[in-house]
Amino acid sequence: MALPELCVLDIGHGNCSIVHADEGVVIVDVPLGRTLVDFLFSRGITDIDLIIVSHADADHVAGLAPLLLDERFVIRRVLVNADATKDTKVWDDFRSAAELAEQRYKVDVSRDLGSNYAPIKLGATRIEILSPSTALALAGPGGKELDQYGGRRMSSNSLSAVVRIVHADSPRALLASDIDDIALADLERRAAGLAAELLVFPHHGGHVANADNAQFAERLCKAVGATTVVFSIGRGKHRTPRPEIIGAVEAALPNPHIACTQLSARCAAVNPNIERAHRLDAPALGSEKNTTCFGTLIQELATGRISPDRDGHAAFVQANAPSHLCLGGAASAPADDVENEEA
Amino acid sequence: MTLANGEIERVKIIDDQPDAAEWLKYEVEEAGFEPIIVGCPAPALDQLPSLIEPKTGFIFDHLLAPGNCATYVGAEAVAIMYARKAPALLITTYAMDVDVGIRRWRASIPVLLDRDAVDQDALNAGFAKCLRELREGPPTSRQTLPAIVRVERVSSETGEAVLDVIVSSWNPRKAVRLPLTMLPTALRPSVRLGSRFVADVNIGAETGDELFFDNFREAPEPKPNDGLA
């Protein structure tokens with residue numbers, strides 16, 4: 001373990017990333033299940049400086065209550081945005097836990113997540129919140145973007161936090177949560193610096209609201225210029241990633257490494273019951289179910305080096321994923337209808 | 001052949017139905033163990049530990065009362081064996097027993113088998129899992145974390161009040177049932193549709209029948225003016 005590091009956990013369908021430095025720990029999104037807790041224990045982490053909840057969807061927030069309520073963890077601050085459209089019981093479960101955490105454990109639950117939030121510094125590592133902008137945040141989910149930009153109705157995804165991790169001026173990673181075309185257009189207008197070596201692709205590679213999927217992927221990838229593009233997916237959930245998105249990523253970037261946390265059913269209809277020798281020995285939901293494709297990923301922030309090894313992953317894909325989308329396979333994948341891929 | 005490097009050589013079967021016990025005996029033999037049918041009536045609850053011997057495993061049927069075999073249920077018997085580190089499997093015929101009769105003891109039941117799924121492979125795998133847990137402690141899927149438990153329905157099942165609850169940090173789309181008596185007496189008047197509690201729950205469980213709950217306590221309702229909605 002070489003600190004500082006960024007860990008992108010395989011938690012199935014959802015997102016969860018951890019910036020772990022000697023100076024502190026920042027977590028971005030906490031989906032359901034206990035994989036994050038297991039990871040924290042495996043690293044000996046009990047003090048958490050900040051948890052950023054990118055938006056109010058269950059696959060980004062449902063696991064936060066156990067963390068907030070577990071006395072073994074000290075959590076200093078949770079950064080979140082209000083979401084009046086989320087009249088869901090899951091969101092209210094989080095609100096209940098947040099209320100308890102504020103009262104009993106003195107956790108600071110801040111409601112001002114946005115691009116005006118000062119970058120968080122952990123030694124030489126800087127965590128920047130690039131989106132939502134003040135303009136989007138003021139309108140809020142359910143509100144409309146300005147008429148001159150199209151006046152489209154915004155969802156929770158439009159207000160997703162976009163987080164960039166920079167180490168000593170090297171832009172290492174962009175965590176794009178579930179942003180849609182409204183958010184991307186806003187980032188483009190503001191010329192927000194999106195460049196990063198690693199991109200966690202938004203919405204798990206599912207359908208993008210208000211946009212052509214391929215064009216959205218192409219614009220985003222060209223703006224980021226990543227060498228590694230991660231799709232945080234759960235095998236059998238929502239049929240992600242979509243072929244046209246993988247195709248657009250490969251067309252937009254020179255020789256990108258596409259890394260899905262779990263093996264998509266699109267790439268292998270039958271899950272190969274074999275050992276994933278290339279995967280990291282780190283908590284991962286796919287390890288428990290033997291559905292790993294790339295699995296949990298670690299990026300050393302000082303060097304940018306990513307584990308596990310790209311070649312080992314490629315060999316696994318070539319040998320075990322007969323209809324693989326990456327490695328040039330998306331071009332020959334059958335097109336399918338746009339489905340409802342909420343979450 | 002014996003299981004797990006000879007850790008278990010014989011298996012005692014406690015089942016109130018003689019035909020079912022004979023069928024289990026066959027499967028136990030096929031799995032490579034010496035089967036011993038414990039006749040009915042089975043020992044009283046406080047006498048169960050007297051059945052424990054070296055290199056001996058147990059299979060308990062859950063419902064033991066219909067055949068006048070015992071006044072307790074198999075789930076409670078397995079929990080007693082678990083506390084004494086004796087490997088014991090629980091078998092059930094009725095899916096609904098999982099929700100009420102078994103749920104309250106589930107933390108002490110490493111392996112629950114549907115009777116229809118019992119065969120030599122299931123028995124071998126079950127005893128191996130059970131021995132591993134007794135030796136190394138529960139796997140993460142059977143370790144609890146505090147979670148918000150939301151009441152979705154209150155009803156009655158064969159005269160006992162039951163709750164259907166959602167644990168959103170486990171699965172926000174699936175309700176599980178548990179008996180009201182799992183909550184402390186002082187909390188029971190607070191139970192109503194939509195009420196929330198904190199409980200320790202094994203949220204790493206794969207399926208709903210593996211879930212167990214402990215240490216229920218109050219959870220606040222979200223405040224209308226909390227700034228989050």
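How many cavities of 30 Å³ or more does the structure hold? In this predicted model, there are 5 such cavities.

The largest cavity contains about 100 Å³ of space. Its lining comprises 15 residues, and those closest to its centre are A:Cys260, A:Cys267, A:Cys293, A:Leu325 and A:Cys326. In terms of secondary structure, two elements of chain A each contribute two or more residues to this lining, namely strand 13 (257-260) and helix 10 (310-320). Sorted by class, the lining of the largest cavity consists of 11 nonpolar and 4 polar residues, with no charged residues.

The second largest cavity holds about 60 Å³ of space. Chain A supplies its lining, which is formed by A:Asn15, A:Ser17, A:Val28, A:Asp29, A:Ser54, A:Ala161, A:Leu175, A:Ala176, A:Ser177 and A:Val200. By class, this lining has 5 nonpolar and 4 polar residues together with 1 charged residue.

Attention now turns to the interface of chain B and chain A. Here 32 residues of chain A are in contact with 26 residues of chain B. The two chains bury about 2600 Å² between them, and carbon and sulfur atoms account for 58% of this area. Within chain B, the residues that lose the most area to chain A are B:Leu145, B:Pro220 and B:Leu228; together they make up 25% of what the chain B side buries.

The number of salt bridges found between chain B and chain A is 5. In one salt bridge, the side chain of A:Arg95 meets that of B:Asp226, with an N to O distance of 2.8 Å.

Which elements of chain B give two or more residues to the side that touches chain A? They are strand 6 (145-157) and strand 9 (196-201) of chain B. Strand 6 of chain B gives the most to this side, with 5 residues. Taken by class, the residues on the side of chain B that touches chain A divide into 13 nonpolar, 7 polar and 6 charged.

Methods
Residues are numbered from 1 along each chain as its sequence is written. Chains are lettered from A and ligands numbered from 1 in the order in which they are written. This is a predicted model: local features need pLDDT of at least 70, side-chain atom pairs count only at pLDDT 80 or more; totals for chains, interfaces and linings use all residues. Side-chain values use heavy atoms; hydrogens and water are left out. On a 1 Å grid over the protein atoms alone, a cavity is a set of points where a 1.4 Å probe fits but cannot get out, and a pocket is an open set with protein on both sides within 12 Å along at least five of seven lines; lining residues have an atom within 4 Å of a point. Grid points are joined across faces, edges and corners, and a volume is the space filled by probe spheres set on the points. Helices (H or I, at least four residues) and strands (E, at least two) are DSSP runs, numbered from the N terminus. Ala, Val, Leu, Ile, Met, Phe, Trp, Tyr, Cys and Pro count as nonpolar, Asp, Glu, Lys and Arg as charged, and the others, Gly among them, as polar. Contact means heavy atoms within 4.5 Å. Buried area is the accessible area (1.4 Å probe) that two parts lose on being put together, summed over both. A salt bridge is a side-chain nitrogen of Lys or Arg within 4 Å of a carboxyl oxygen of Asp or Glu.
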